[in-house]
Amino acid sequence: MKKITSILVLFFCIQISYTTQASGPVYKDKNAPIESRIKDLVSKMNLDEKILQLNQYTAGLNTNANNIGEAVKAIPAEIGSLIYFSADPVWRNQIQKKAMEESRLGIPILFGFDVIHGYRTVYPISLGQACSWDPALVTEAAAVAAREAKLSGVDWTFSPMIDVARDPRWGRVAEGYGEDPYTNAVFGVATVKGYQGKNLNDPYSVAACLKHFVAYGMSEGGRDYRYSDVSRQSLWETYLVPYEACVKAGAATLMSSFNDISGVPGSANPYTLTEILKKRWKHDGFVVSDWDAINQLINQGVAADRKEAGLKAFTAGVEMDMTDQIYAQNFKQLIAEKKISMAKVDEAVSRVLRVKFRLGLFDKPYSTVVDESQRYLTPESKAIAQRLSAESMVLLKNEKNTLPLNSGVKQIALIGPMATDKENLLGAWSANGKESDVESISEGLNKEFGTSVKINLAKGCGFDGRDESGFAEAIAATQKSDVVLICLGEKRGWSGENASRSSIALPVIQEKLVQELRNTGKPIVLILSNGRPLELVRLEPLADAMVEIWQPGVCGGSALAGILSGRTNPSGKLSMTFPLSTGQIPTYYDMRQSARPTGGQGNYQDIPTEPLYWFGHGLSYTTFTYGTAKLSATKIKKTEKLTVEVEVTNSGNVKGTETVLWYISDPACSISRPMKELKFFEKKELTAGAKTTFKFEIDPMRDLSFVDSDGKHFLETGDFYVLVNKQKVKFEVTE
Ligand code: GLC
């Protein structure tokens with residue numbers, strides 16, 4: 001009897017607590033379904049509160065020189081979001097407290113920031129990350145960035161940037177994952193997973209933001225903020241591919257782009273923002289405009305004034321206005337004029353609130369405050385950054401086994417503007433990365449080689465300019481050394497936003513330095529740190545070896561030193577083609593072939609046809625021998641799968657890691673298709689002499705179909721090829 005009573009009492013208590021709890025507003029009830037909480041809250045909000053939820057202002061010192069915006073005088077407690085330029089969680093919590101306690105409904109603010117390749121533990125730029133062909137490692141690195149950002153007051157990062165780009169004059173190639181749609185999709189998804197974790201409301205998850213939606217990489221002439229002539233065919237075949245993959249992976253938000261998409265700017269484009277994103281892909285998060293992008297619709301000639309710009313952007317499908325305050329200043333009038341419906345406002349507000357609820361901001365609005373030593377640059381975080389730096393580096397050339405440096409090397413000349421540089425190894429968009437955190441190339445070498453090797457340091461020249469006064473010292477240092485490492489490259493500000501360059505060659509002074517040192521007759525190793533493919537046609541013949549290190553982040557020095565010493569066997573392969581010269585742009589692996597492919601027809605008269613290095617190029621200290629690719633069948637029906645295998649042997653005498661890139665080709669189709677299309681890749685480590693089989697299971701509809709100009713996929717019968725390494729194997733698809 002006693003037991004029954006205690007059960008009844010327990011049940012009664014639970015019932016009371018739920019009722020009590022339920023007596024408060026539903027939107028504050030953390031046990032209520034999110035959609036019920038949204039509905040309840042929207043029903044309680046007044047017009048001012050709804051409009052402010054659709055606006056993002058800034059807090060803290062704006063560090064982006066490209067974004068000149070008036071500093072927000074006072075932050076309203078009802079603001080929807082802030083770009084948080086500070087790294088102080090305490091100040092962030094003070095602002096949040098104002099929203100939670102001084103506003104009528106206590107709606108938390110969403111704090112966003114550009115965490116692109118690390119927050120404080122900065123790892124390689126995205127273009128370099130893709131050269132690692134290691135998405136799992138990129139997920140780990142993104143998770144480090146998310147944790148550091150979350151502990152610094154940031155709930156939302158404006159990343160990953162997944163704009164396919166084929167024009168290296170464009171500074172923002174540094175921020176994406178290269179020229180291939182599939183590669184951008186795989187690494188975009190890997191980054192979203194790292195940021196958002198298993199659940200958006202996990203303690204260290206932040207909301208991702210896919211950008212810049214869409215086809216920003218097609219910006220005419222590689223210049224920023226420009227017209228992009230993008231056919232619907234290209235839109236679907238190339239530029240939308242990474243976005244669809246990342247939306248399906250659950251990315252919480254997107255950012256609309258600056259560029260014009262064949263006459264309709266990305267930030268006022270109903271086809272991309274509503275028809276595709278919301279109606280077809282069913283995205284239920286929200287879209288934020290890029291900085292001032294709504295206001296810029298006036299300059300793009302599609303809005304007469306700010307009010308019309310706001311109407312066009314909102315009607316097209318941009319829910320949140322980043323910093324130009326157009327929505328805040330014009331929505332009341334637009335609603336009064338019945339140009340914007342309350343239903344559409346409520347829908348937009350619901351999307352913003354949905355992300356906030358999913359992040360858990362209503363129930364846990366405040367950042368956890370821990371000491372900086374626990375927040376940033378932990379040994380585990382740096383280990384991940386170092387691995388990714390090493391795996392992103394690409395051995396472009398290695399004649400006469402110049403690398404790794406052998407035991408006969410007793411003196412190394414370390415020359416060039418990047419030799420001791422720290423700041424530029426961070427690259428563009430380095431969030432709260434600090435120059436003092438970076439290990440320079442020189443420091444990495446000293447740590448790696450210790451006293452076993454004498455390093456003769458001489459700068460030789462600056463990044464640009466005409467000052468050759470340092471040449472003599474560089475020559476002297478080289479003459480007394482066994483090998484010379486010439487560390488060249490770009491300043492971090494030469495890539496990133498609004499950093500387009502008319503030439504992708506390095507400044508003349510850097511090339512002259514190499515020519516001078518070539519005359520010493522010493523073996524030359526070129527180390528390149530840059531944010532885009534470079535024009536190396538004059539430098540390549542002068543170098544015995546070349547290593548592309550990109551902008552590798554805080555651990556770049558030791559990552560490179562490990563490659564130079566042979567502790568690490570380089571495994572990187574290019575995620576973007578290096579044209580022979582600027583004039584050869586655009587040249588990318590998945591072009592259509594010339595209608596007259598023989599004898600170099602359809603190419604330039606004055607330069608060779610081939611680029612210097614194709615997408616996928618990268619050497620190792622060992623050799624990998626490929627067996628004959630074997631198909632599970634030479635003929636399949638459309639509904640059947642086909643497996644292709646290739647055995648790879650490490651035929652050298654050191655352990656190495658090989659990435660096998662699998663392509664398909666469809667030589668006769670209803671529409672012309674690229675010469676080849678990457679559809680799968682796999683990376684494996686092999687000890688010397690070991691062999692392993694790499695497999696690719698072809699799913700015809702996924703891997704062989706083509707898409708038309710409205711996004712419909714078609715799979716046709718006929719001959720196809722699968723390409724791997726230097727092999728091209730035919731098979732047939734039947735009904
Ligand atoms: C910039 C960039 C965008 C960035 C945003 C906020 O103009 O285009 O990538 O996320 O503004 O800083």
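1. The second largest pocket of this predicted model has a volume of about 960 Å³. On a 1 Å grid over the protein atoms alone, a pocket is an open set of points with protein on both sides within 12 Å along at least five of seven lines, a cavity is a set where a 1.4 Å probe fits but cannot get out, and lining residues have an atom within 4 Å of a point. Grid points are joined across faces, edges and corners, and a volume is the space filled by probe spheres set on the points. Of the 39 residues lining this pocket, Lys573, Gly618, Leu619, Asn725 and Lys726 are the closest to its centre.

2. Two or more lining residues of the second largest pocket come from each of β12 (394-398), β18 (624-626), β22 (656-665), β27 (718-724) and β28 (727-734). The largest contribution is that of β22, with six residues. Strands (E, at least two residues) and helices (H or I, at least four) are DSSP runs, numbered from the N terminus. By class, the lining holds 17 nonpolar, 16 polar and six charged residues; Ala, Val, Leu, Ile, Met, Phe, Trp, Tyr, Cys and Pro count as nonpolar, Asp, Glu, Lys and Arg as charged, and the others, Gly among them, as polar.

3. The protein is divided into domain 1 (1-32), domain 2 (46-358), domain 3 (379-568) and domain 4 (622-734), with bounds from an automatic or database domain assignment. Domain 3 and domain 4 each supply at least three residues to the lining of the second largest pocket. The C-alpha centres of domain 3 and domain 4 are 35 Å apart.

4. Strands β22, β27 and β28 also belong to an open sheet of five strands, in the order β20-β28-β27-β22-β23 and with mixed pairing. Because β20 (635-637) and β23 (677-686) are edge strands with a single partner each, one side of each has no neighbour in the sheet. The twist averages 25° from one strand to the next, where axes are lines fitted to C-alpha atoms and angles run from 0 to 180 degrees between N-to-C directions. Three bridges join β20 and β28 in the parallel sense, pairing being counted if DSSP finds at least two bridges. Lysine 637 stands opposite threonine 734 in β28.

5. A further open sheet, of three strands, runs in the order β6-β8-β9 with mixed pairing. Strand β8 (residues 260-261) pairs with β9 in the antiparallel sense over two bridges, and aspartate 260 stands opposite proline 265 in β9.

6. Three cavities of 30 Å³ or more are found in the whole structure. The largest has a volume of about 120 Å³, and among its 17 lining residues the closest to the centre are Asn67, Asp114, Asp290, Met322 and Trp429. This lining divides into eight nonpolar, four polar and five charged residues. The second largest cavity holds about 60 Å³ of space; its lining residues include Glu49, Gln53 and Arg104.

7. Overall, the protein has 20 helices and 28 strands. Its radius of gyration is 27 Å, which agrees with the value near 27 Å for a compact globule of 735 residues; the radius is taken over C-alpha atoms, and the rule is 2.2 Å times the number of residues to the power 0.38.

8. Residues are numbered from 1 along each chain as its sequence is written, and side-chain values use heavy atoms, without hydrogens and water. In this predicted model, local features need pLDDT of at least 70 and side-chain atom pairs count only at pLDDT 80 or more, whereas totals for chains, interfaces and linings use all residues.
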